[in-house]
Amino acid sequence: MENTIIIGSGPAGYTAALYSARANLSPLLIDGPQPGGQLTTTTLVENFPGFPEGIQGPALMENMKKQAENFGTRFKTGYVTKVDFQTHPFKITIDDVELLEAKSVIIATGASAKYGGVPREMELIGHGISACATCDGFFFKSQDIGVVGGGDSAMEEALFLTKFAKTVTLVHRRDEFRASRIMLERAQKNPKIQWLTNSLVTELLGDRDLTGVKVKNVKTQTEQVYPWTGLFFAIGHVPNTQIFKNQIHLDDQGYIILPHPPRTQTNIEGVFAAGDVADHYYRQAISASGMGCMAAIETERWLASHA
Ligand code: NAP
């Protein structure tokens, strides 16, 4: 029986692991399908305090993991396929085969990138369609490509992709941007970035690989085909909570509800949640880390009073 199992290995999970390891809980962290989380798909992180020159996302996550390990966190590679929080001890199934029991659980499964819902986008992933510029940008050297979205992610992805692509056209469904002013201005100043506002991607062309993208202007209702060989979606994220449905309370977008914020306790006593899985407002590495710390402290106190 584990004292505490941490599900997820982003900033929230690793920070929860660090704090609970230092509290002698000997936590077990299950790292999930993308060890290190979303930051492993980014390059320079400029806004994590303590790194005045910035730090590469994968290096930051590796450091967090090592720090948690130094104090006794145990790591397990695997994917949680089922949980049962209705009886205590809680039950967690790994890869459909291994059953673990825990007195407490910290959920830190984060969120995943959304795609646009355009026909055939799923079959073209890896053949021109992507949601991760840092993973796939390299494959689009000297090509004309598009980025969908109007938030900070879209600006960041578009800017990053200008390092490889010949042109990057940003397609946004409105003419106002959700992106912060600084990011928007940076993108607007880049001569390689072109803009299509009030526009939606309606069709993806090409049999095996993407050869063109049909874009519709929603004001004029006109459609035009662009010869892009790459299209990156940067339109937000969905929380990774599939396995928690019917186990804990989720909101209508699937985020875990924390009934007593800033407390990280979920509606099930002994189950806590931290990071993007329970936060669609801040969604920052540092705020996820902060929540991981809070969840670990709450877990330690809960275990002490329920021993
Ligand atoms: P976001 O702020 O929610 O923006 C999503 C964008 O995608 C919006 O412009 C939205 O359009 C558009 N969109 C959503 N669904 C769409 C669809 N089906 N088809 C077409 N367009 C669609 O998400 P984000 O950009 O991923 O940013 C998330 C959070 O992370 C934000 O708080 C952001 O500031 C932060 N972030 C920060 C940095 C940084 O500081 N370096 C980098 C990345 C992200 P509408 O505007 O019309 O809704």
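Visitor: In which loop is Pro89 found?

Guide: Pro89 is found in the loop between β6 (80-84) and β7 (90-94). Strands are DSSP runs of E with at least two residues, helices are DSSP runs of H or I with at least four, and both are numbered from the N terminus. This is a predicted model, in which local features need pLDDT of at least 70 and side-chain atom pairs count only at pLDDT 80 or more, while totals for chains, interfaces and linings use all residues. Residues are numbered from 1 along each chain as its sequence is written, and side-chain values use heavy atoms, with hydrogens and water left out.

Visitor: What is the peptide bond from His88 to Pro89, cis or trans?

Guide: The bond from His88 to Pro89 is cis, with omega near 0 degrees. Most peptide bonds are trans. The bond from Pro261 to Pro262 is also cis, with omega near 5 degrees, and Pro262 has its place in the loop between β18 (237-239) and β19 (271-273).

Visitor: Why is Tyr14 called buried?

Guide: Buried means under 20% relative accessible area, exposed means over 50%, and partly exposed lies in between, with a 1.4 Å probe and protein chains only. Tyr14 has a relative accessible area of 4%, so the term buried applies to Tyr14. Phe75, at 23%, is partly exposed.

Visitor: What makes Tyr14 and Phe75 an aromatic pair, and of which kind?

Guide: Rings of Phe, Tyr and Trp (its six-membered ring) pair if their centres lie within 6.5 Å; planes under 30 degrees apart count as stacked, over 60 as edge-to-face and the rest as tilted. The centres of Tyr14 and Phe75 are 6.2 Å apart and the planes stand at 75 degrees, so the two rings pair and the pair is edge-to-face. Tyr14 lies in helix α1 and Phe75 in strand β5 (residues 74-76), so the pair ties together parts that are 61 residues apart in sequence.

Visitor: How do you know the kind of pair that Phe85 and Phe90 form?

Guide: Their ring centres are 5.5 Å apart and their planes are at 80 degrees, so this pair is edge-to-face. Phe85 counts as buried at 3% relative accessibility, and Phe90 counts as buried at 2%. By the same rule the count comes to 12 aromatic pairs, and ring pairs link Phe138, Phe139, Phe160 and Phe164 into a cluster.

Visitor: What makes a set of residues a nonpolar core, and which members of the largest one touch the most others?

Guide: A nonpolar core is a set of buried Ala, Val, Leu, Ile, Met, Phe, Trp, Tyr and Cys residues joined through side-chain atoms within 4.5 Å. The largest core has 50 residues, and Ile5, Ile7, Phe85, Ile92, Val105, Ile107 and Ile256 touch the most other members. Helix α6 (residues 285-305) gives the most to this core, with seven residues. A second, separate core of 21 residues includes Leu159, Phe160, Met183 and Ala234.

Visitor: How is the packing of α1 and α6 described?

Guide: Two packed helices are described by the angle between their axes and the distance between the axes. Helix α1 (residues 11-22) and α6 pack at about 35 degrees, with their axes 7 Å apart. Axes are lines fitted to C-alpha atoms, for helices over the stretch in contact, and angles run from 0 to 180 degrees between N-to-C directions. Contact means heavy atoms within 4.5 Å; Ala12, Ala16 and Tyr19 of α1 are among the residues that make it, as are Ala288, Gly292 and Ala296 of α6.

Visitor: Why is helix α4 called mostly covered?

Guide: Seven of the 10 residues of α4 (residues 152-161) are buried, among them Ala154, Met155 and Leu159. What covers these buried residues includes β11 (144-148), β12 (167-171) and α5 (181-189).
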